[in-house]
Amino acid sequence: MERLILFDIDGTLTRTQNGYMPFNEAIQKTFGISGDIRTVVPDGNTDPMIVKDIFVNANVAIEILDAEWPRFSANLRDCYKSAVDQGRTTVRALPGALALLQAISADKKFHSSVVTGNFEATAAVKLQAAGLASYLCRGAYASDSQHRRDLPHMARMSWEETTGKTLLPEHCVVIGDTPKDLEAARHNQMKCVLVGTGRYPLEELSYWKPEGCLPDMTDTESILALLSKL
Ligand SMILES: [Mg+2]
């Protein structure tokens, strides 16, 4: 039985250091207002929702038109790219992520894709910097929908279009690091495995009863065994 594994990026596949710098630069560049991502809890949220939260928290009354998001996304990509190139911001693969993606790509039963709150352009910069980009199919991003719960279905559709195959939602597994990843999986009748490499402790994640709950992704064999059983 084939399975589509939908990986979240931040806190699941990668960890970014000083990501707030390019994010805040892009806010200033796009909206002409300063905003600080460190004033909100961004985990599991999509980038447009994070920007809105930042302005709400700072009591900034601003109406952002849908047409402005592509400009924010392009600015964010440019700011991220130069911050990474200059070494001000670093994006690293979390332990076990590369080995797991390699094992999945070597196994015909499994396919890896992405469900993330990043815009597609920023996701590409992060995955490239972390050395993971070549193992993942095109998935679904904040540039496809601002609502995370829309994304797993869109990632499945994207995979089906690319491969010409079909897959039932229950044969898709979302792997993430927040309750929002689980909520999005459930909304789409998909399975979910949560990892404790983000901001949420394992005890809290297991409370939400995902199909799997792991401290990290270092035990490739066990994760593959778990995914085969789901
Ligand atoms: Mg995450």
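**Entry 1: two loop residues**

I began with Lys-209, which is exposed, with 10 other C-beta atoms within 10 Å. This is a predicted model, so I read everything here with that in mind. I found Lys-209 in the loop between H8 and E7. Its phi is near 55°, a positive value in a residue other than glycine.

Then I turned to Gln-189, which sits in the loop between H7 and E6. Gln-189 is not a glycine either, and its phi is positive at about 55°. Is Gln-189 buried or exposed? I counted 12 C-beta neighbours inside 10 Å, and because 12 or fewer is the cut-off, Gln-189 counts as exposed.

**Entry 2: strand E6**

Next I followed the chain into strand E6, residues 191-195. How many of its 5 residues are buried? I got 5 of 5, so the strand is mostly covered by the cut-off of 20 or more C-beta atoms within 10 Å. I checked each face: Lys-191, Val-193 and Val-195 are buried on one side, and Cys-192 and Leu-194 are buried on the other.

I then asked which strands pair with E6. Strand E5 (residues 172-176) runs parallel to E6, and 4 bridges join them. Across that pairing, Val-174 stands opposite Cys-192. Strand E7 (residues 212-214) also pairs with E6 in the parallel sense, over 3 bridges. There, Val-193 has Gly-212 as its bridge partner.

I traced the connections too. E5, helix H7 (residues 179-187) and E6 make a right-handed β-α-β unit. E6, helix H8 (residues 202-207) and E7 make a right-handed β-α-β unit as well.

**Entry 3: the nonpolar core**

I looked up the largest nonpolar core and found 57 residues in it. Which of them touch the most other members? They are Leu-6, Val-173 and Val-174. Helix H3 (residues 69-85) gives the most to this core, with 5 residues. Domain 1 and domain 2 both give residues to the core, so it lies between them.

I stayed with Val-174 for a moment. Leaving out residues up to four places away in sequence, Val-174 touches Leu-6, Val-115, Pro-152, Asp-181, Ala-184, Ala-185, Met-190 and Cys-192.

**Entry 4: Ala-155**

I picked Ala-155 next, in helix H6 (residues 151-163). Ala-155 is buried, with 27 other C-beta atoms within 10 Å. What does Ala-155 contact, leaving aside neighbours within four places in sequence? I noted Leu-6, Ser-113, Val-114, Val-115, Gly-139 and Ala-140. Leu-6 and Val-115 are also among the residues that Val-174 touches. I checked one separation as well: Ala-155 and Met-190 are 35 residues apart along the chain, and 12 Å separates their C-alpha atoms.

**Entry 5: where the domains touch**

Last, I looked at the two domains. The domain assignment gives domain 1 as 3-16 + 91-229 and domain 2 as 17-86. Their C-alpha centres lie 23 Å apart. How many residues are in contact across the two? I noted 20 residues of domain 1 in contact with 16 residues of domain 2.

On the domain 1 side, helix H5 (120-129) and H7 are the elements that give two or more residues. H5 gives the most, with 4 residues. By class, that side has 7 nonpolar, 9 polar and 4 charged residues.

Notes. Residues numbered from 1 in each chain as written. Predicted model: local features only at pLDDT ≥ 70, side-chain atom pairs only at ≥ 80, totals over all residues. Core = buried A, V, L, I, M, F, W, Y, C linked by C-beta atoms within 7 Å. Domains from an automatic or database assignment. Contact = placed C-beta atoms within 7 Å. Pairing = 2+ DSSP bridges. Right-handed = clockwise from strand over helix to strand, strands pointing away. Nonpolar A, V, L, I, M, F, W, Y, C, P; charged D, E, K, R; others polar.
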